[in-house]
Amino acid sequence: MRVATPVAMADGATVTLGFLVLTTTLTAISVIDFRTRRIPDWLSLPLIVAGLLWSHQWGDLPFADYLIGVGVGFASLGVFGSIYFRIRGHEGLGLGDAKLFAAAGAWLGWQALPLVLLVASLGGLAYGLIVRAFSKGQTGPQIAFGPWIAAAIWLAWLASTTMR
């Protein structure tokens, strides 16, 4: 006898609601970060809460894995950004990126964080190389990392929900 997990019990309307919340918030974060190089707390912090609420009710993993994901997501990019600032003397990765990565942990669990970071980094790198190739020898503009983190979160969540 197979016992249904909470995720298996999530109906289509519930999954659609999660999809809409995640998609609209990640899109707004991406547009704002692309334009301003800032991720507003009024979007990232509720996204963390929404992810934890979703994961508590319908997550595949033990809830502790999502809580650990929030902490590890924030701490990893927060520490990396702090080290970069100390070495280079200017911000290269802000706390908005760390909070967005914490949201990845809230929605996906800590286990997905390396994949999200890899996909985001590859996307940002490809974009940066294309921009640099067309900048005619100049260094080109700073690249916002938030849109790439957002895209990676969205793809990973979409893949996890369609594989159920």
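**Entry 1: helices 6 and 7**

I looked up how helix 6 and helix 7 lie, and they are oblique to each other, because their axes cross at roughly 135 degrees and an angle counts as roughly antiparallel only over 145. This is a predicted model, and I read it as such. Helix 6 covers residues 113–133 and helix 7 covers residues 146–162. I noted that the two axes come within 8 Å. Two packed helices are described by the angle between their axes and the distance between the axes. I also noted the hand of the crossing, which is right-handed.

Which residues of helix 6 and helix 7 meet? On the helix 6 side I listed Val116, Val119, Ala120, Gly123, Gly124 and Tyr127. On the helix 7 side I listed Trp148, Ile149, Ala152, Ile153 and Ala156. I sorted the residues of this contact into nine nonpolar, two polar and no charged.

**Entry 2: helix 5 and Lys99**

I went on to helix 5, residues 95–108. I checked its length: at 1.5 Å a residue, its 14 residues should span 20 Å, and the end C-alpha atoms are 20 Å apart, so the two values agree. I found 13 of the 14 residues buried, so helix 5 is largely enclosed by the rest of the structure.

Leaving aside neighbours within four places in sequence, I found Lys99 in contact with Asp41, Ser44, Leu45, Ile48 and Phe74. After helix 5 I came to Gly109, which has a positive phi near 90 degrees.

**Entry 3: Arg37**

I looked at the loop between helix 2 (12–36) and helix 3 (41–58), where Arg37 is found. Arg37 is not a glycine, yet I read a positive phi of about 60 degrees for it. I set this beside the general rule. Most residues other than glycine have a negative phi. At 30% relative accessibility, Arg37 counts as partly exposed, because that value lies between the 20% and 50% cut-offs.

**Entry 4: Thr14**

What does Thr14 touch, not counting residues up to four places away in sequence? I wrote down Trp54 and Trp58.

Definitions and conventions. Residues numbered from 1 in each chain as written. Predicted model: local features only at pLDDT ≥ 70, side-chain atom pairs only at ≥ 80, totals over all residues. Heavy atoms only, no water. Axes fitted to C-alpha atoms, helices over the stretch in contact; angles between N-to-C directions. Helix = DSSP H or I, 4+ residues; strand = E, 2+ residues; numbered from the N terminus. Parallel < 35°, antiparallel > 145°, perpendicular 65-115°, else oblique. Left-handed = near helix turned anticlockwise from the far one by under 90°. Contact = heavy atoms within 4.5 Å. Nonpolar A, V, L, I, M, F, W, Y, C, P; charged D, E, K, R; others polar. Expected span 1.5 Å × (residues − 1). Buried < 20%, exposed > 50% of the residue type's maximum accessible area, 1.4 Å probe, protein only.
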